[in-house]
Amino acid sequence: MSSLRSLLFCITASGLHCALADVADIQADKVLVTATRSAQTADSSLAAVSVITRADIERTQATDVVQLLRDYAGVDVARTGGAGQQTSVFLRGTNSNHVLVLIDGIRAASPATGLYNWATLPLSQIERIEVVRGPRAVLYGSDAIGGVIQIFTRKADGLSARAELGAYRTRALQAGIGGGDQRVNYSINAATRRADGFSATNPGAGYYYDPDRDAYSNRSLSAKLSAALPQDGKIAFNVLHSAADIGQDPGNMAALNDLFGASLSTSPTANWTQTLTLGLARDRQDTRQPYFNTNVDTQRWSADWQNEWEPISGQLLVLGLTHTNDTGSTFDIDSATTVYDRSSHNDAAFAEWQFKLDGNSFQISARQDRHSSFGTHNTAQLAWGRDFSKAWRSYASYGSAFKAPDLNDLFHPGYPNYAYPGNPCDPSLYPVTFPGNPNLAPETSRSAELGLIWRPVNASELRASLFDNRIAGLIDAGTTCPFALTNIGHANTRGLEVAHNLNFDSWQLQTNATLQQARNTDTGTELLRRPKRKLTLQLAHDLSQGVSLSAEGVFVGPHQDFDNITYGTVRVGGYSLMNLMLRYRLAAQWSIEGRLDNVFDKRYEVVSGFNTPGRGLFMAISYQARAGAPSP
Amino acid sequence: MTQRLPFYLSVSLLAHLAVLLTWHGVPVTPPNLTEPGSLQIALVHAAQQASSIIAAVVPAPHAPSLRHTSTAAHSTIRTHRRHNARLAAATPITAQTTPTAVHATNGAPTTQLITSNLSADSEAHLQNALRFAFNSYFSYPAIALRHGWAGVVKLSLRLEPDGRLSEIRLIQSSGHSALDAAALATAQRIPPLHEVMTWLQGNSHVILLPVEYRLIDG
């Protein structure tokens with residue numbers, strides 16, 4: 001009977017537990033699990049990442065990408081003239097084609113030149129920029145030797161509009177509308193900007209000097225649509241159309257850059273997510289100059305399939321397959337001939353494994369590319385990070401990266417060779433010089449980095465990184481006639497980046513400093529247009545009654561540049577600039593903004609022989625419905 | 001006693017049916033707690049119902065405080081009393097610990113054996129021990145972090161007297177299967193919570209555990 005008594009005991013004393021097991025009798029404290037929202041391009045605890053948000057862009061009131069990007073450590077920006085002129089971005093002292101530019105996940109550079117035309121995209125079309133320094137080849141492929149600049153186009157929330165007037169007869173308009181909820185959301189944003197400008201060149205430009213003003217205009221439209229699918233799925237479409245007309249010395253250029261993207265992501269199981277992305281990029285550049293009238297038309301199709309698998313919480317495996325197809329043609333107007341019309345394609349597979357061990361974070365990744373021209377190429381990267389205390393974190397990484405030869409490098413037939421005094425190549429023997437070379441291998445790099453993050457309080461974060469890049473196989477003209485392109489150069493860039501962000505009360509202070517050395521290790525000479533030291537300071541203060549004030553100081557050291565008169569090198573002096581910004585919030589949705597550029601009207605050069613903006617005032621009035629809504 | 005077993009069984013069955021048909025749910029957040037959602041030991045609910053059943057079973061003039069048990073002890077009560085006496089011996093009884101509205105069906109006093117075993121101190125200790133234990137095991141799943149998923153997962157689990165966790169179930173989804181699965185997997189990996197055993201007093205409890213995964217901007 002005792003068993004029956006026990007049974008009774010269960011039924012009577014704790015029978016209610018048996019019968020009502022679905023009802024809890026203790027409500028435990030909520031467990032709060034937090035994580036810092038990570039940058040999308042790279043893990044900011046294992047790499048040097050700077051994130052520029054819409055709020056940052058609006059606070060600095062930068063008028064173009066040069067003014068915005070040059071403030072950041074490890075980034076040098078050079079432009080041959082004023083707004084709209086050709087802009088080159090150098091990350092960590094590497095070449096301007098060693099930075100991968102992505103717009104909404106799609107490669108934006110021209111497959112022919114390997115360069116992105118920054119003049120086509122105004123800042124009013126940009127929601128967010130992530131600047132990652134260091135090699136990123138494994139996940140992103142070619143070009144990411146110095147790093148990646150990932151641009152996310154504007155995501156309108158409600159109605160927004162902005163009208164701007166400024167120096168050099170600058171006028172700009174932007175209007176956008178967007179909305180939706182967790183299920184479906186959309187955004188459309190249109191912008192146009194033009195300026196009469198100033199002469200891009202001064203007499204130091206030699207042959208290129210033309211004192212006329214070089215105007216520019218651009219217009220762009222971005223649209224996005226995304227919808228949530230069951231099981232954490234998502235389908236999204238995005239389109240960006242941007243076009244620019246630019247007056248140059250000499251001549252002018254019309255540029256067009258169209259990007260289309262579609263992505264579908266699903267979670268077949270709770271710990272596996274897959275994303276399929278299709279992209280189409282179209283880039284056209286029509287150049288009209290005396291003796292040089294060409295139309296370059298390129299297209300790039302890409303398909304990416306990426307899988308993320310998390311077998312155990314904290315251990316992540318990423319596997320991806322990608323295919324890209326580049327087509328480019330160059331048409332010469334004067335001779336009415338097609339200079340070349342060629343294509344290349346690339347397939348790649350990559351894997352990345354992230355895991356934690358005893359408080360250390362590790363990231364091991366590898367990739368293999370198979371290119372229609374240069375065949376197989378492998379890259380790999382290893383990164384480690386550790387929190388030494390709540391405030392200190394250290395990370396280190398070593399990786400390889402590459403830059404695939406672009407269509408011009410591979411297939412351009414060369415430029416007609418004419419007789420002139422001192423011509424080393426006899427035109428009868430060499431009808432063309434500087435031809436491309438279909439046997440080119442990719443430029444390769446190996447980089448090491450050591451980083452430190454100090455965050456004693458939430459309001460203050462200091463990031464420092466030491467880097468060293470060894471680049472080999474740099475594509476350049478050969479040393480013997482006809483000077484065909486070959487993998488000939490070696491370079492070494494190394495330095496220290498320091499970035500500090502301080503936020504307290506209504507004050508914000510950002511400091512960015514770079515010390516670097518970029519050399520051609522074959523000749524021992526300094527690489528051009530990369531200053532050895534740079535310091536920028538941004539101080540912002542929110543006063544009462546909706547007024548914000550900011551001041552920005554830019555201090556750049558001297559650098560070596562190409563001398564357009566002697567064809568040798570020339571030392572370009574350093575410079576310092578000060579800019580002031582004011583913003584006044586009139587009402588909940590209206591703001592008036594003003595920026596005084598180059599307060600002391602300093603005359604300086606960033607590229608030898610080319611002018612830079614003097615003192616200028618830019619004013620704008622803007623409207624933003626649902627002001628304060630955060631952007632993702 | 002044996003001849004009356006069928007009688008007691010049928011009374012017990014009737015009482016069970018009566019309770020099952022009229023049960024409206026456990027008031028998990030009692031009205032006069034200052035902090036909503038904080039740990040609350042509502043042992044009184046189990047004990048209260050048990051005692052009301054026992055009261056029904058034992059034809060006594062009033063439901064006795066089982067600690068001061070009467071000598072009119074039927075086997076069921078004796079078993080129960082032995083069980084509770086063990087608990088009573090563990091800690092000194094100081095104050096009523098749970099300020100809940102206890103619905104004793106026969107007007108019995110609200111002081112029940114199990115709750116009265118725990119002082120306000122003990123309850124606080126159990127709360128802290130559970131909070132510390134749970135907080136140290138959960139971490140943000142990597143895929144959810146990459147995709148920006150966040151939400152609250154509600155789990156139900158049974159905390160055994162020896163500190164083991166069993167019957168781990170998902171009560172409410174966060175809207176993202178990655179977070180739900182991560183919370184369940186983490187709970188299943190939590191080893192026996194020996195440090196809370198002392199405060200459990202040999203009872204098992206069903207715990208409703210909310211886990212919030214939240215992303216903060218860096």
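Analyst: Two strands pair if DSSP finds at least two bridges between them. Keep in mind that this model is predicted.

User: How many bridges join β4(A) to strand β5 of chain A?
Analyst: Strand β5 covers residues 87-91. The two strands run antiparallel. One facing residue pair is A:Val75 with A:Leu91 in β5(A). The bridges between β4(A) and β5(A) number five.

User: Why is strand β4 of chain A described as largely enclosed by the rest of the structure?
Analyst: Strand β4 spans residues 75-79. Buried means under 20% relative accessible area. Strand β4 is largely enclosed because its buried residues number five of the five.

User: Which residues point the other way from A:Val75, A:Val77 and A:Arg79 in β4(A)?
Analyst: In a regular strand, side chains alternate between the two faces of the sheet. A:Val75, A:Val77 and A:Arg79 take one side of β4(A), and these three are buried. The other side is buried too, and it holds A:Asp76 and A:Ala78.

User: Is strand β9 of chain A mostly covered or uncovered?
Analyst: Strand β9 runs over residues 147-153, and seven of its seven residues are buried. On one side sit A:Gly147, A:Ile149, A:Ile151 and A:Thr153. On the other sit A:Val148, A:Gln150 and A:Phe152, so to judge by burial both faces of β9(A) are covered.

User: Which strand pairs with β9(A) in the parallel sense?
Analyst: Strand β8 (residues 126-133) is joined to β9(A) by seven bridges, but these two run antiparallel. There, A:Ile126 stands opposite A:Thr153. A:Val101 faces A:Ile149 in β9(A). The parallel pairing has five bridges, and the partner is strand β6 (residues 99-103).

User: What radius of gyration does chain A have, and why does it agree with a compact globule?
Analyst: Chain A has 632 residues, so a compact globule would come out near 26 Å. The C-alpha trace spans about 120 × 60 × 45 Å along its principal axes. The radius of gyration agrees with the globule value, because chain A has 27 Å.

User: What share of contacts in chain A joins residues at least 24 apart?
Analyst: The chain holds six helices and 35 strands. Of its residues, 52% count as buried. The contacts counted here are between residues at least 6 apart in sequence. The share joining residues at least 24 apart is 59%.

User: How far apart do the centres of the positive and negative side chains of chain A lie?
Analyst: There are 55 positive and 59 negative side chains in chain A. The distance between the centres of these two sets is 4 Å.

Notes: Residues numbered from 1 in each chain as written. Chains lettered and ligands numbered in written order. Predicted model: local features only at pLDDT ≥ 70, side-chain atom pairs only at ≥ 80, totals over all residues. Heavy atoms only, no water. Helix = DSSP H or I, 4+ residues; strand = E, 2+ residues; numbered from the N terminus. Rg over C-alpha atoms; globule rule 2.2 N^0.38 Å. Buried < 20%, exposed > 50% of the residue type's maximum accessible area, 1.4 Å probe, protein only. Contact = heavy atoms within 4.5 Å. Lys, Arg positive; Asp, Glu negative; His and termini not counted. Charge placed at Lys NZ, Arg CZ, Asp CG, Glu CD.
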